[in-house]
Amino acid sequence: MEYDIGRKAQSWKVLSETECFADPHLQVSAQCVMTPSRRTSVSWTVVHRKSAVVIAPVTGEGKFVLVQQERIPIRETTWEMPAGQVDELCDEGSMKNVVLRELREETGYELTPEGKLTFLGDFFSSAGFTDERAFLFLAQPVHPAAGGATHQESEGIVGCREFSADELIEMIAKNEIRDANTLSVYARLVARRLLASTEPTP
């Protein structure tokens with residue numbers, strides 16, 4: 001599957017934009033925009049955020065590698081698929097390099113010599129207020145890398161372990177997994193029939 005990381009709707013026009021806040025991670029701006037369906041402009045507050053990659057790492061035994069991460073805004077520690085921001089939108093080869101780096105840093109796993117990355121599509125995390133876009137990848141098979149994880153303490157990753165497909169499904173069904181990244185990867189894997197149950201057929 002190919003992906004277009006530079007697509008823009010040509011019929012949308014930003015008439016004015018005022019920066020309200022900015023730091024290295026995001027920018028908040030007040031915009032006046034003409035949309036394709038409106039006869040008059042509309043005012044909107046938009047949060048610009050770097051794009052991200054989200055990885056579904058799967059071992060040769062069919063288990064998913066998730067990280068346990070402290071999430072300060074929601075005051076919870078959650079199990080999630082590994083992910084990381086992309087400094088700039090780039091071509092497919094560069095994007096895959098980011099995926100491999102984030103996989104190694106956050107989980108301590110890497111692709112096996114015969115492993116491959118499969119692009120699963122992209123999604124917008126909350127299109128009502130932010131242009132943040134996440135690119136989804138399946139990494140399979142993976143195995144522990146020499147040296148383990150090298151994530152930064154500021155990321156708040158406190159654990160990493162393997163889960164079977166059925167454990168992942170149960171965690172989602174019980175509302176134990178609620179982050180958009182993991183739910184989106186799961187939905188894409190199901191839609192593309194890439195998620196196999198480990199339960200024996202009765």
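Let me start with a term: helices (H or I, at least four residues) and strands (E, at least two) are DSSP runs, numbered from the N terminus. Hello everyone, and with that in hand, here is our chain. This is a predicted model, in which local features need pLDDT of at least 70, side-chain atom pairs count only at pLDDT 80 or more, and totals for chains, interfaces and linings use all residues. Residues are numbered from 1 along each chain as its sequence is written, and side-chain values use heavy atoms, with hydrogens and water left out.

First, the overall layout. The protein chain holds three helices and 10 strands. Of its 202 residues, 40% are buried, where buried means under 20% relative accessible area, exposed over 50%, and partly exposed in between (1.4 Å probe, protein chains only). Now take contacts, meaning heavy atoms within 4.5 Å. Among those between residues at least 6 apart in sequence, 63% join residues at least 24 apart.

Let's look at a sheet. Three strands make an open one, ordered β1-β2-β3, with antiparallel pairing; two strands pair if DSSP finds at least two bridges between them. At the edges sit β1 (13–22) and β3 (42–49), each pairing on one side only. From one strand to the next, the twist averages 25 degrees. Strand β2 (residues 26–34) is joined to β3 by eight bridges, and Cys32 has Ser43 in β3 as its bridge partner.

On to helix α2, residues 165–173. Which of its residues are buried? They are Ala165, Asp166, Leu168, Met171 and Ile172. Their cover includes β5 (64–71), β6 (76–80), β10 (157–163) and α3 (180–191). Just after α2 comes Asn175, with a positive phi of about 65 degrees.

Please stay in that region with me, for Ile177. This residue is in the loop between α2 and α3. Why does Ile177 count as buried? Because its relative accessible area is 2%. Setting aside neighbours within four places in sequence, Ile177 touches Leu66, Trp79, Leu168, Met171, Ile172, Thr182 and Leu183. Take Trp79: Ile177 is 98 residues away from it in sequence, yet the two are 6.6 Å apart in space, C-alpha to C-alpha.

Two more residues deserve a moment. Thr59 belongs to strand β4 and is buried, with a relative accessible area of 3%. Beyond neighbours within four places in sequence, Thr59 is in contact with Val65, Tyr109, Pro141, Val142 and Glu162. Asp122 is found in strand β8 (residues 109–124). Asp122 counts as buried because its relative accessibility is 16%. The side chains of Asp122 and Arg133 are joined by a polar contact of 2.9 Å (a pair of N or O atoms within 3.5 Å; within protein, one must be able to donate a hydrogen and the other to accept it, and residues adjacent in sequence count only if both atoms are side-chain atoms).

Finally, the largest pocket. Its volume is about 1500 Å³. Of the 41 residues lining the largest pocket, Arg49, Gln69, Arg71, Gln85 and Glu155 are the closest to its centre. A pocket here is an open set of points on a 1 Å grid over the protein atoms alone, where a 1.4 Å probe fits, with protein on both sides within 12 Å along at least five of seven lines; lining residues have an atom within 4 Å of a point. At least two lining residues of the largest pocket come from each of β4 (52–59), β5, β6, β7 (83–85), α1 (92–107) and α3.

How values were computed:
Axes fitted to C-alpha atoms, helices over the stretch in contact; angles between N-to-C directions. Points joined across faces, edges and corners; volume = space filled by probe spheres on them.
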